Amino acid sequence: KKLERRLAALNSQVAGNCLVTGAFLLVRLSDAAVISAGEDRCNEFNELVQAKRQVSSTIKPFLYAFAFETQRLNPASMFDDRRVTVIARDGKTYSPGNHYKSFRGTMNLKTALQISANTVSLQLFEQVDKAEFTDRLAHAFARYPDDKVKSLLHTDHSLALGTVDLSAGHVASAYLTLLSQGRKVYPYWGS
């Protein structure tokens with residue numbers, strides 16, 4: 001309730017408009033029960049159920065886990081945080097920077113994930129089987145058994161940085177799976 005009150009307070013400060021839009025979903029790990037959920041209530045559009053937003057760097061732990069499993073890598077494996085340029089299917093080059101606006105040189109994967117190094121994520125993505133990774137993501141981000149989340153995914157290089165639009169429910173379901181050591185767990189909306 002505190003999150004809902006804070007969101008409402010922020011939005012009441014701007015007459016007729018919402019200062020902040022968004023939603024939250026709080027899920028208890030022990031039994032996957034949704035214990036709190038809310039959204040901005042700015043209009044008829046339900047941010048919790050209808051909104052899809054880029055998952056951005058929240059996708060990186062899934063990429064790293066997949067690379068650890070399939071590429072014989074581990075948190076101590078060394079990579080260079082450096083300019084990386086790849087050629088996309090359309091022939092255009094893709095060369096993302098980092099949010100910290102520099103390159104930090106050689107680092108282990110634990111550090112790369114902690115600082116969210118885009119260039120290292122792109123190098124990992126280059127090493128994994130993209131179709132298999134997309135299948136794994138579809139399984140993790142599914143909100144219920146027949147969720148068609150795979151149709152929302154792609155295999156472009158930018159997927160390594162989370163350029164896919166999903167809902168809060170998708171992300172909650174994925175993190176439940178990650179925190180359950182890969183065992184698929186769906187959020188439970190019971191009493």
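In this predicted model, helix 2 passes helix 6 in a left-handed crossing. Packed helix pairs are described by the angle between their axes and the distance between those axes. For helix 2 and helix 6 (residues 168-179), the angle is about 35 degrees. Their axes lie 11 Å apart. Helix 2 contributes P61, F62 and A65 to the contact. Helix 6 contributes A174, Y175 and L178. The residues of this contact divide into 6 nonpolar, no polar and no charged.

Helix 2 spans residues 60-70. Its buried residues are K60, P61, F62, L63, Y64, F66 and A67. These buried residues pack against helix 3, helix 4, helix 5 and helix 6. Among them, P61 and F62 are buried, and both also take part in the contact with helix 6. After helix 2 comes R72, with a positive phi near 55 degrees.

The overall fold comprises 6 helices and 8 strands. From the N terminus, the order of elements is α-β-β-β-α-β-β-β-β-α-α-α-β-α. The C-alpha atoms fill a box of roughly 45 × 40 × 30 Å along the principal axes. The protein has 191 residues, and 41% of them are buried. Of the contacts with a sequence separation of 6 or more, 63% link residues 24 or more positions apart.

In soluble globular proteins, nonpolar side chains tend to be buried together. The largest nonpolar core in this model has 32 residues. L124, F133, L137 and F141 have the most contacts inside this core. Helix 2, helix 3 (109-114), helix 4 (118-127) and helix 5 (130-141) each supply at least two of its residues.

L137 counts as buried because its relative accessibility is 1%, under the 20% limit. Apart from neighbours up to four places away in sequence, L137 touches I59, F62, L153 and L159. F62 is itself a buried residue of helix 2 and one of the residues in contact with helix 6. L137 and V149 are 12 residues apart along the chain. Their C-alpha atoms are separated by 8.7 Å.

Two serines are also buried. S173 lies in helix 6. S173 has 0% relative accessibility and therefore counts as buried.

S158 sits in the loop between helix 5 and strand 8 (165-166). Its relative accessible area is 16%, so S158 is buried under the 20% cut-off. Residues up to four places away in sequence are again not counted; S158 then touches Y94 and T163. S158 and L122 are 36 residues apart in sequence. In space, their C-alpha atoms are 7.8 Å apart.

R72 has a phi of about 55 degrees. R72 is placed in the loop between helix 2 and strand 4 (78-81). With a relative accessible area of 80%, R72 is over the 50% limit and so is exposed. K101 has a phi of about 60 degrees. The loop that holds K101 runs between strand 6 (93-94) and strand 7 (105-108). K101 counts as exposed because its relative accessibility is 74%, over the 50% limit.

Terms used: Residues are numbered from 1 along each chain as its sequence is written. This is a predicted model: local features need pLDDT of at least 70, side-chain atom pairs count only at pLDDT 80 or more; totals for chains, interfaces and linings use all residues. Side-chain values use heavy atoms; hydrogens and water are left out. A nonpolar core is a set of buried Ala, Val, Leu, Ile, Met, Phe, Trp, Tyr and Cys residues joined through side-chain atoms within 4.5 Å. Buried means under 20% relative accessible area, exposed over 50%, partly exposed in between (1.4 Å probe, protein chains only). Helices (H or I, at least four residues) and strands (E, at least two) are DSSP runs, numbered from the N terminus. Contact means heavy atoms within 4.5 Å. Axes are lines fitted to C-alpha atoms, for helices over the stretch in contact, and angles run from 0 to 180 degrees between N-to-C directions. A crossing is left-handed if the near helix is turned anticlockwise from the far one by less than a right angle, and right-handed if clockwise. Ala, Val, Leu, Ile, Met, Phe, Trp, Tyr, Cys and Pro count as nonpolar, Asp, Glu, Lys and Arg as charged, and the others, Gly among them, as polar.
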